[in-house]
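Dear colleague,

Please find below the structure I am handing over to you, followed by a summary of the findings.

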Amino acid sequence: DFPIHLSNYRYRGNIRIFEALLKYGAKYHPAEFGYLFKKNKYGRRAICQAIAKYGKEGTFRLVQKYIRSSDNQPILYHVFQYRPELSDDFVYRYPDAIILKDRWGRHLLHIGAKNGLKLSGSLFMMIHSNKQSVEERDPVTNLYPFMLSASGKKKDLTTIFKLLSLRPDVL
């Protein structure tokens, strides 16, 4: 286990210990966002453990305090890849990160569609903040967002239809 995991159960849920580990984890391991998205030996991610222990507001207050999103480290990509169910919470707190591309040139919409993102506030915010993402193919798979959504593990017909209706000329 990483120290950030241990803070959530070994130290009786002391939020100050979690805060210190997040602070130094983010400082010395910024590419891993302080190991916030790493799994422990039981398959749980530190972000999920923290939310369960300290609540969303307490956890996100600390996450925002110590983890910044930048062109080199777009946090939303980790959220959409590892914990898509938290996408609305993170998009609300990191709205500027919506327009960032990852190191392969992928838009956040491509990552979200590939990982089964359903129609939600974060999906609409991504589309309206970055309309170009609907029009561009994913540079890794060469698929449009609606195709990524249809080919993913978690398919949602309403989301696929909405993404297709934004770009019907590709058919």
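In this predicted model, K114 counts as partly exposed, because its relative accessibility is 39%. K114 belongs to helix α6 (residues 108-114), and together with K118, K153 and K154 it forms a positive surface patch.

The structure holds 9 salt bridges. One of them pairs K65 with E19, with the closest N and O atoms 3.2 Å apart. This pair links distant parts of the chain, since K65 sits in helix α3 (residues 46-66) and E19 in helix α2 (residues 15-28), 46 residues apart. K65 is partly exposed at 45% relative accessibility, whereas E19, at 18%, counts as buried.

A salt bridge also joins the side chains of K56 and D89 (2.8 Å, N to O). Here helix α3, which holds K56, is linked to D89 in helix α5 (residues 87-93), 33 residues apart. K56 is partly exposed at 37% relative accessibility; D89 is buried at 15%.

The side chains of K101 and E136 form another salt bridge (3.8 Å, N to O). K101 lies in the loop between α5 and α6 and E136 in the loop between α8 (132-135) and α9 (145-151), so the pair ties together parts 35 residues apart in sequence.

Finally, the buried residues of helix α10 (residues 157-165) are T159, I160 and L163. They lie on the same side of α10, because they cover an arc of only 100° around the axis. The face turned away from that buried side carries the exposed residues L157 and F161.

With kind regards

Key
Residues are numbered from 1 along each chain as its sequence is written. This is a predicted model: local features need pLDDT of at least 70, side-chain atom pairs count only at pLDDT 80 or more; totals for chains, interfaces and linings use all residues. Side-chain values use heavy atoms; hydrogens and water are left out. Patches are made of residues with over 30% relative accessible area and no salt bridge: like charges are joined within 9 Å, nonpolar side chains (Val, Leu, Ile, Met, Phe, Trp, Tyr) within 5 Å. Accessible areas come from the Shrake-Rupley method with a 1.4 Å probe; for residues, only the protein chains shown count as cover. A salt bridge is a side-chain nitrogen of Lys or Arg within 4 Å of a carboxyl oxygen of Asp or Glu. Lys and Arg count as positive and Asp and Glu as negative; His and the chain ends are not counted. The place of a charge is taken as NZ of Lys, CZ of Arg, CG of Asp or CD of Glu. Helices (H or I, at least four residues) and strands (E, at least two) are DSSP runs, numbered from the N terminus. Buried means under 20% relative accessible area, exposed over 50%, partly exposed in between (1.4 Å probe, protein chains only). The arc is that of the directions from the helix axis to the C-beta atoms.
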